[in-house]
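Subject: A structure for you to explore

Hi there,

Here is the structure I promised to pass on to you. Have a look around it first, and then read my notes below.

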Amino acid sequence: MAWLLSLEGRANHIIGGDVSMRAVGTTPGLFTLSLNQYWDATKTSVGNQDPTVTLLVYRKNNPVLVERITLLLREIVPLTFGNAACASLRQLSFTQGRYYADYQFDTKLYTDPGGYYMVWERCCRNDALTNVDSFIANGVAMAFYLEFPAMLKNGTNFYNSSPDFRLPNGDYICINKPFTFDVGATDADGDQLRYSLVTPLNGYTTRTSPTVTDESPRSSYPTINWKSGYTLSSIIPGNPPLSINPATGVLSVRATEVGLYLFTVQCEEFRNGVRIGVVRRDFQLPVVDCSKNTPPPAVVTANGKVSNDVIWCASQPLVLSVDKNPLWAYQWQRDGANLRGSTSDTLQVRTPGTYTVIKSLANQCASDTASQGVKVTFVTAPLVTLSLAKPTPYCAGDTLTLQAKGQRDYQYHWRRDGKDIMGEQQSSLRVYQSGVYEVLARPSLALCDGQDSVRVVINPKPAAQIQPASLTFCPDESVSLIAQDMVGNRYRWIRDGVALSDTVSQVVAKQGGTYQVTVTGATGCTALSPGVLLTQAARPVIQLDSIAPICLSAGVSVSLTGQPTGGIYTGPGVLGTQFSPERAGVGKHQLTYTVVSNNGCRAEKKQWVEVWDSPRLTGSTTYFLVKGKSVQLVTQASGPISQYQWEPPASLNQADIASPLASPESTTPYSLTATNAAGCTATLAVLVEVTELLFIPSAFSPNSDGLNDSWIIPNIRLFPNNKVTIYNRWGELVFSSQGYATPWDGTYRQERVPPGLYTYQIRTGDGPLDTVYRGQLMVVH
């Protein structure tokens, strides 16, 4: 891209830019949105660079604002000038400010067949523009513009990326000289692109603030006003004026007026002949007078002498030269055509023609000048011819002989690639390297050498080296043999001296033996590879020790043993060579033992390991029994039980069943052990507490005769939490005692009660054995 040096005048130093949107992957509505601004770096300060920009997105039909999207300034990239000397002289320094972000559109909002457009506006353009009327009210604004199609068409996602203009270079136009410049774009979807010059947009923004507050719908944006004398067809006056190739996007002009010119390139994209999108990029191009720094023409000398006509023997070196000075840059021409790469102050000539040199300043921007023409003519040399007897192709390792045929008294001199071959003066030459071979032959009385040359191409032999994936392989497996694959190569494979049918660069070997490949290159050169010996090895035979069922409650690991040793166990609960029932859990588990032999053959064998859960016993752990009675010790197991065992077996009717009858004479602790078929055990502790019956006398005589004066209950001490209450025949409480530490002496309110029948209630108060005794007591005096 081309930009003008900074000019004085009101400007924000944004000298152009464009908008683009590129689809990200295949996610519908996901795009990378970019806005590129181009700044005059010599005048732009940080304050002139907006930290953010806001894109306004409108529907085209019956315009309505769909949404606002804000982008951050992410990168600042300097632009590269093709002519560094001219850029430095004119203080040209431009940068690209890139605002971008990935943005997810709601595709349901973008279904209108008429499409949508995206715009960014800002004030103001340079007042110094030559072709723009910048003195209208409020100045000239700028608007960067992009159109895009609906994202949903007939309910189907429509994918499209906008055309993307390339990063521009710096440049300028010399007045009255042809100028071309490529402003083309690329399209990620491969759509057809068409280019045109259009009038730049003015926009609605006329304030200096970058914030756009006017969001009313826009059906179109206003354009700038061309200054009098300038039109879209004459943006840069010239012969011809500025134009663009609609297919390639190449600008061309032969400018006739100095100035700073603004214009816009529009790129339309078409898919299947239908226009689906538009992007626009603003430009500013300077036209300058380059003649002010024109250097004087160079003076060409031939072998040190100034001459316009040189007659020379073709076999002798001829050197044209100009002044050697670091201030100048040169470009040599023959018959008006540039000689590629000939930019030094000397030129070795081997072809007749008229030679000139174009001279310019090496470190300054300047016009160039052409030297006088030097016409070089070669005289006829003695006839000599070269021949090479061996037919092509010539391959590395071949011995070739070049034969010169001339007169008997010729003296010979040989060169390769323009350099003398010392010591070779015979009519024949042995050749081992590629190159252009030249023979110079001169009769004894001749002034000029005869010359003939031939290009010898000695082709390298193709690479013939087999790369096996392995030298050994296992039964039912194969080995890939790979020869270097080059375009045009032909292959012939051999095993143990017998040709195989394979003719490709890679074969799959399923048999042992010595393999070779003959490779014939595109040049016809052939090479045979060294032999590769493949050996088919045997797989290891695996034997595994059996593993009995294991109890989960055992809490120990089981060692895994397999032959041959050194293999790897895998499967649930495996840790190295140990099997952990606790990690594996209850169930039947398949373990795999894998062995890789020294020759790389792999074998594996599987075995099953069964982990049993320990049985769980449930039942009451405490029973209360009155002495002389029996109680059934009821238990249940979580699974089948092979054996029950109660300890101690005394006082049990059976010691090997789940729920025996217990008849102990005193409190007895029991333990039940249950064992399942795998030998897994569970235990349950049971306590049987035995108590005696309470003995209650039915009468006593509280008459103070020392005999039977208190109501003594002999074994009530066995029930320390007892409560004793006594009532008279009218239901009146005459005695109450908690614990009955002091027996009743037959008194109530410190007076002896009348003889007769009384009612008693005794509560033993011992938890599960709590018993209430009721009866009548006779008081006798």
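This is a predicted model: local features need pLDDT of at least 70, side-chain atom pairs count only at pLDDT 80 or more; totals for chains, interfaces and linings use all residues.

While you have R415 on screen, look at its surroundings. R415 has a relative accessible area of 9%, and because anything under 20% counts as buried, this arginine is a buried residue. Its side chain also makes a polar contact: the partner is the side chain of D420, at 3.1 Å.

Now for the cysteines. How many disulfides does a search of the whole structure find? It finds 3, and I will take them one at a time.

One of them joins C395 to C525, with an S to S distance of 1.9 Å. The torsion about this S-S bond is about -95°, so the disulfide is left-handed. C395 lies in strand 32 (residues 394-395), while C525 sits in the loop between strand 46 (513-520) and strand 47 (526-528), so the pair ties together parts that are 130 residues apart in sequence. Are these two cysteines, C395 and C525, buried or exposed? Both of them are buried.

Another disulfide joins C474 to C601, and here the S to S distance is 2.1 Å. With a torsion of about -115° about the S-S bond of C474 and C601, the disulfide is left-handed. This pair links distant parts of the chain, 127 residues apart. You will find C474 in the loop between strand 41 (472-473) and strand 42 (479-483), and C601 in the loop between strand 56 (587-596) and strand 57 (602-612). C474 is buried, with a relative accessible area of 2%, and C601 counts as buried at 0%.

There is also the disulfide formed by C551 and C680, whose sulfur atoms are 1.9 Å apart. Its torsion is about -105°, so this disulfide is left-handed. C551 lies in strand 50 (residues 550-551) and C680 in the loop between strand 64 (668-675) and strand 65 (681-691), so the pair ties together parts that are 129 residues apart in sequence. C551 counts as buried at 12% relative accessibility, and C680 does so at 1%.

Next, some strands. Strands of a sheet pair through backbone hydrogen bonds, either parallel or antiparallel. Look for an open sheet of 3 strands in the order 14-18-17, with antiparallel pairing. Which strands stand at its edges? They are strand 14 (178-182) and strand 17 (243-244), each of which pairs on one side only. Strand 14 and strand 18 (residues 250-254) run antiparallel and are joined by 5 bridges. In this pairing, F179 stands opposite V253 of strand 18.

An open sheet with the order 51-55-54 is also made of 3 strands, with antiparallel pairing. Strand 51 (558-559) and strand 54 (574-575) each have a single partner strand, so one side of each is left without a neighbour in the sheet. Strand 54 runs antiparallel to strand 55 (residues 578-579), and 2 bridges join them. Here V574 stands opposite F579 in strand 55.

Then there is a hairpin. Strand 67 (residues 723-727) and strand 68 (residues 733-738) pair in the antiparallel sense over 5 bridges, and Y727 stands opposite L733. The hairpin has 5 residues between its two strands, and G731 in the turn has a positive phi of about 80°.

Finally, move to the second largest pocket, which has a volume of about 220 Å³. How many residues line this pocket? There are 14, and those nearest its centre are N728, W730, V753, P754 and Y758. Strand 70 (751-752) and strand 71 (756-763) each supply at least two residues of the lining. Strand 71 gives the most, with 3 residues. By type, the lining divides into 8 nonpolar, 2 polar and 4 charged residues.

Enjoy exploring, and write back with any questions!

Best wishes

Notes: Residues are numbered from 1 along each chain as its sequence is written. Side-chain values use heavy atoms; hydrogens and water are left out. On a 1 Å grid over the protein atoms alone, a cavity is a set of points where a 1.4 Å probe fits but cannot get out, and a pocket is an open set with protein on both sides within 12 Å along at least five of seven lines; lining residues have an atom within 4 Å of a point. Grid points are joined across faces, edges and corners, and a volume is the space filled by probe spheres set on the points. Helices (H or I, at least four residues) and strands (E, at least two) are DSSP runs, numbered from the N terminus. Ala, Val, Leu, Ile, Met, Phe, Trp, Tyr, Cys and Pro count as nonpolar, Asp, Glu, Lys and Arg as charged, and the others, Gly among them, as polar. A disulfide is a pair of cysteine sulfur atoms within 2.5 Å. Buried means under 20% relative accessible area, exposed over 50%, partly exposed in between (1.4 Å probe, protein chains only). A polar contact is a pair of N or O atoms within 3.5 Å; within protein, one must be able to donate a hydrogen and the other to accept it, and residues adjacent in sequence count only if both atoms are side-chain atoms. Two strands pair if DSSP finds at least two bridges between them.
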